[in-house]
Number of protein chains: 2
Amino acid sequence: MESGRVEAKMEKKESGGVSHLALDIGGSLIKMVYFPSNSSRSIDDQVNGSSKDGLAASSDDHHYSLLNGRLHFFKFETSKVDDCIDFISSELLQHRGARDNEASISGKNIIKATGGGAFKFADLFKERLGITLDKVDEMDCLVRGANFLLKTVHHEAFTYMNGEKEYAQIDHKDLYPYLLVNIGSGVSMIKVESDSKFERVSGTSVGGGTFWGLGKLLTKCKSFDELLELSHRGNNRVIDMLVGDIFGGLDYSKIGLTSTAIASSFGKPISENKELEDYRAEDIARSLLRMISNNIGQIAYLNALRFGLKRIFFGGFFIRGHSYTMDTISVAVNFWSKGDAKAMFLRHEGFLGALGAFLSYEEHDLADMAHHMLQEFPQSSYST
Amino acid sequence: MESGRVEAKMEKKESGGVSHLALDIGGSLIKMVYFPSNSSRSIDDQVNGSSKDGLAASSDDHHYSLLNGRLHFFKFETSKVDDCIDFISSELLQHRGARDNEASISGKNIIKATGGGAFKFADLFKERLGITLDKVDEMDCLVRGANFLLKTVHHEAFTYMNGEKEYAQIDHKDLYPYLLVNIGSGVSMIKVESDSKFERVSGTSVGGGTFWGLGKLLTKCKSFDELLELSHRGNNRVIDMLVGDIFGGLDYSKIGLTSTAIASSFGKPISENKELEDYRAEDIARSLLRMISNNIGQIAYLNALRFGLKRIFFGGFFIRGHSYTMDTISVAVNFWSKGDAKAMFLRHEGFLGALGAFLSYEEHDLADMAHHMLQEFPQSSYST
């Protein structure tokens, strides 16, 4: 199990069960969002961020005031779904029955879940935990999660270009329409027009799963993060065929391509008498990351253009706050739009779906929980 | 050296030099178009196709009547540029001087050439052959070549879907506007509005070079064609993460994805404890071909949509008349356009640029040559 951005180093003795929890079970990762019901103050201190990060409580919306408590985020590999089940078993269920208030929610033995795995693993959860996964549509959840974060969390969105991160102040009244690009194993692109109106308009199968799947085959990396780390030290020019390689070092300026632009991703091995082992894993990782990030940026831009959407928000666990990934996506959007469109990123990028599933609980359940939360942590804030 | 579709098995003793020649020197391949000035009848017979394929002679256009002779097409690997130079040296230059009429054209020691290699190898051609490469812009050439073929060659364009090839009758007056997608090492997408008005509106670095470069690294294939051949026997479901893999065998019908749709290209190795060697080269080749063809089809469609272009013509040497490649591109265009747009292919797909360069010779030169051609082969037709 790996924790998300909220580094809640929960210790058994301090944890007191989970009052509410939702899952997003994707092709590669299971994302979990939950409220711990009685984390001690000391844990809160450990994870406490700047007060700027706090969720604004809005009296006219249960969903918002709800989150005056602390949200915790975790992820597991989907192939290790048993770890997730064990975690839920020990953290959530061991306290059930001892706490009647919680039983009103978790006692229903229902967990909101989205992603394809909510279907695939339904029987397993039922069998192992006696829990029914209440399936919530993935696109609904992604949009709900993104809207919530963009409206509620200060400095949730930012741009990233040439190594500079700049937080964007989104006017809540001017949020829509936008394009949401969720980069998981595959990529979904959703035109979001209002809280309730949205449509998956496009997508691509060339996503995070492609990066990690191809990367695993091409290098000896043992994890996605190791591959990302490698890419940081690589040089894609060793693998990619550049415009300059074709033009003898010159630009193709008439159509706006500099000599260092990539003419053909992975094109260099064509004319070299080398085998896979002769190339450095770092360089391969870099080319791969650049190919995929650039491709997603381009397809996203073309879809934004199609619907006249100026803002594109990129989420999903592919990005992981990785500077080079964001930079490449930003450059792609900037290049193809000739500066017209901007790529924006989300601090809670990987948890849109899980958060959306979480927010899909019935309002009275959320209100119940909010009530408990507010009693327990009246001044606590959302932390990252 | 490999011949193109015109299988002109030219033998030294029968060839009589080359009266006119143009080159398109790309990142992977050198494409050559030329008129042999005195091929014997027996060679013509070998390559003669149906009379339906003949180029219509048009009295008001030198370019058209010109091609009453036979055009020959050849390709070489760019990394073996010396082979190309040797060929030109033996076929073209050995006869110079002995034939005064030809000297008026080739005697200028100038060859029209396009593609980045026209810059890169300019010095080499000068040094080895005393020939100056007269550089012609690549986009100009692609468009000129495509327009020429579409207007002049009967049954040049066709659709390909579910294994069925259907020739399209293009009304010359209704040809424009269209999107030309040239898939070489990289991909160029050009909006063509008239004979002279066009613009490169997009492109992608994920092209033929990516297929062959990644394929070379992932398999032990020795050639592009071998990799293509392998892909024919492969099963991409072994490598790609399908919607059904995520959803436990179910469709994600709400957003129109069947269980067999690819959710994540190359996503399966993520959750499998296997190494590259444990996968069959056939399956890898198939996934790769599908990923790249599908991606190009999608980006092409998005660009066609952007400019309201109903017709998309795909050219470039990536396709090579390969049924699965065309089928995937067609399916992608059909899927993303919901049946609105159609992918069309060109029989002389790989030679658009070279043909365009060829057609860029000064008209009086072409007229001279046409004159010789018509005298030599008054009834000959263009053959494929």
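Across all chains of this predicted model, the structure holds 36 aromatic pairs. F247(A) and Y252(A) form a tilted pair, with 4.9 Å from centre to centre and 35° between the planes. Both partners are shielded: F247(A) is buried at a relative accessible area of 6%, and Y252(A) counts as buried at 7%. In chain B, the ring centres of Y178(B) and F313(B) lie 5.0 Å apart with the planes at 90°, so this pair is edge-to-face. Y178(B) belongs to strand β9 (residues 178-183) of chain B and F313(B) to strand β14 (residues 311-315) of chain B, so the pair ties together parts that are 135 residues apart in sequence. Y178(B) and F313(B) are both buried. Rings can also join up in groups, as back in chain A, where ring pairs link Y34(A), F74(A), F76(A) and F87(A) into a cluster.

Aromatic rings also meet charged side chains in chain B. The charged end of K165(B) sits over the ring of F158(B), 4.4 Å from the ring centre. K135(B) likewise lies over a ring face, that of F119(B), at 5.8 Å from the ring centre.

Turning to helix packing, the axes of helix α9 (residues 224-232) of chain A and helix α11 (residues 281-306) of chain A come within 7 Å and cross at roughly 100°. On the α9(A) side, the contact is made by L227(A), L228(A), L230(A), S231(A) and H232(A). Facing them from α11(A) are A281(A), E282(A), A285(A), R286(A) and L289(A). Sorted by class, the residues in the contact of α9(A) with α11(A) comprise 6 nonpolar, 2 polar and 2 charged.

In chain A, the peptide bond from Y176(A) to P177(A) is cis, with omega near -10°, and P177(A) is found in the loop between β8 (164-167) and β9 (178-183) of chain A. In chain B, the bond from Y176(B) to P177(B) is cis as well, with omega near -5°.

R320(A) has a phi of about 50° and is placed in the loop between β14 (311-315) and α12 (323-336) of chain A. For H155(B), phi is near 60°, and this residue lies in the loop between α7 (138-152) and β7 (157-161) of chain B. H155(B) counts as partly exposed, at 22% relative accessibility, because buried means under 20%.

Finally, the overall make-up of chain A puts these local features in context. Chain A has 14 helices and 15 strands. Of its 384 residues, 61% are buried, F247(A) and Y252(A) among them. When contacts in chain A between residues at least 6 apart in sequence are considered, 72% join residues at least 24 apart.

Notes:
Residues are numbered from 1 along each chain as its sequence is written. Chains are lettered from A and ligands numbered from 1 in the order in which they are written. This is a predicted model: local features need pLDDT of at least 70, side-chain atom pairs count only at pLDDT 80 or more; totals for chains, interfaces and linings use all residues. Side-chain values use heavy atoms; hydrogens and water are left out. Axes are lines fitted to C-alpha atoms, for helices over the stretch in contact, and angles run from 0 to 180 degrees between N-to-C directions. Helices (H or I, at least four residues) and strands (E, at least two) are DSSP runs, numbered from the N terminus. Contact means heavy atoms within 4.5 Å. Ala, Val, Leu, Ile, Met, Phe, Trp, Tyr, Cys and Pro count as nonpolar, Asp, Glu, Lys and Arg as charged, and the others, Gly among them, as polar. Rings of Phe, Tyr and Trp (its six-membered ring) pair if their centres lie within 6.5 Å; planes under 30 degrees apart count as stacked, over 60 as edge-to-face and the rest as tilted. Buried means under 20% relative accessible area, exposed over 50%, partly exposed in between (1.4 Å probe, protein chains only). A charge sits over a ring if NZ of Lys or CZ of Arg is within 6 Å of the ring centre and within 35 degrees of the ring normal.
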